[in-house]
Amino acid sequence: MKKLICLIVGLLGLTLSGWAQRPQATEQYRPKFHFTPKAKWMNDPNGMVYSKGTYHLFYQYYPDSTIWGPMHWGHATSKDLVSWQHQPVALYPDSLGYIFSGSAVLDVNNTSGFGKNGQAPMVAIFTHHNPKLEKLGGNKHQNQSIAYSLDEGKTWTKYEKNPVLKNPGIPDFRDPKVSWYEKDKKWIMTLATKDRITFYSSPNLKDWTKQSEFGEKVGAHGGVWECPDLFPLTLGGKKQWVLLVSINPGGPNKGSATQYFVGDFDGKKFTPLSTDTKWVDYGPDNYAGVTWSNTGDRKIFLGWMSNWEYANQVPTYPWRSAMTIPRDLSLRKVGTEVLLVSQPSKEVSKLESGEITLDNVAVKEEMNLSDKTKNTGPFQLKLSADQLADFAVVLTNDRKEEVLIGYDKKANQYYIDRTKSGKLDFSNKFASRATAPRLTTSAKMDLTLIVDAASVELFADEGLTAMTGIFFPTEEFKTIKVRAANPLTLRKVTYKRMGVGI
């Protein structure tokens, strides 16, 4: 009996010890409408494909910890891009390695031969990362492989002859984004290869031939190139090609970010219109974003809402990381430059309710918008003005923690300042004032902010400038203010509550 009591006490002690070591849940930081995994680690969006009325989101996932580890492909589905259903893990590590980033396509012509009984296969193209080979040294531990599904992504079969594209000896050889090039009836793989992009082509997704390289001495090179995407957009009746390239580190506000190039692609070679460095999003927390495949002329972008400078340390539990809202991409000419425009996808409006509109709002030093909006959670705020002036939208709480989102007229920059935003000590790289250039010369200005439990996404001048920032207040931000150093008139202010999407 004594032994039994000692055993029970011992087990109880272990149990209590385990509970004591478990981090406290932080559901107050769980986004209300941005996608997050139920638990554990998530990073890059992968394999995004649209099929039979359903948007598929695969993502880098480690189901055993809240920090990065052996990568799997998590899976979620949605009919509307804002309400997501969690699905079982799609791809698991195997003898060839972890399942790193990649893409997915619908092989409607069955070029791969994987289709059966008229069912077009969904084919995933991904990087196998072999940690054993990596430890042995050398540069052949990353190779490209494929898997296919005949039941709309529910189950997957890995190709028996993987890898389909072997590493020629490049340490960073990964993140294949594959698309169909109709003119030449072939598949194009856009692959990140250390400090440049390499294009490959294939008739069947199995046999790949190198076409060209781009970017060795073009664009930002503060870190390795990753997660590319290549797609066409139309401007003024003419097709232009957009090449997205994520970079880590080397972003405009330190750490990871995504640059882009606009130019021409002839099925083999990409030629840019300009070699100037341009960014999809200037904020600190939008990385590895790519677009959905099989959506026709519409290009819908989704990014990972974090930064490798502190992604493993952010104070959330039992999950880590979220995705941005979906964004529609387009092109606009400003002066001699062709720029990428990002705007919230129309589906996001499904989350909106309780609109409050104010006209000709006079701001003298500071105005408390919460007196009128009765702010109770996530929201969308739109501001417009006929004249440029310094101002800041301030999210704050009773502890005087605050996030400032505004415009600096002298510097002609938008900014997100989270230096007093709450929890900061988890990383010495988190507290920051991120800035972004204003890219239009118009005297009028418009600004849209989409604010969730622990994030803000900024879209200025009809999407010419975008910024994303996360934050972790110790107490909810329930107050919205507008500050202006000099008297300011806002032509229109529109506030809407944002509902639950997950």
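Buried residues, meaning those under 20% relative accessible area with a 1.4 Å probe and protein chains only, make up 58% of the 502 residues in the chain. The model is predicted: local features need pLDDT of at least 70, side-chain atom pairs count only at pLDDT 80 or more, and totals for chains, interfaces and linings use all residues. Residues are numbered from 1 along each chain as its sequence is written, and side-chain values use heavy atoms, with hydrogens and water left out.

The chain has 3 helices and 32 strands; these are DSSP runs numbered from the N terminus, helices being H or I of at least four residues and strands E of at least two. The radius of gyration, taken over C-alpha atoms, is 24 Å, close to the 23 Å that the globule rule (2.2 Å times the number of residues to the power 0.38) gives for 502 residues, so the chain is as compact as a globular protein of that length. Its C-alpha trace spans about 85 × 70 × 45 Å along the principal axes.

Strands β6 and β7 are joined by 8 bridges, and H128 has N143 in β7 as its bridge partner.

| Strand | Residues |
|---|---|
| β6 | 122-129 |
| β7 | 142-149 |

Technical notes:
Pairing = 2+ DSSP bridges. Buried < 20%, exposed > 50% of the residue type's maximum accessible area, 1.4 Å probe, protein only.
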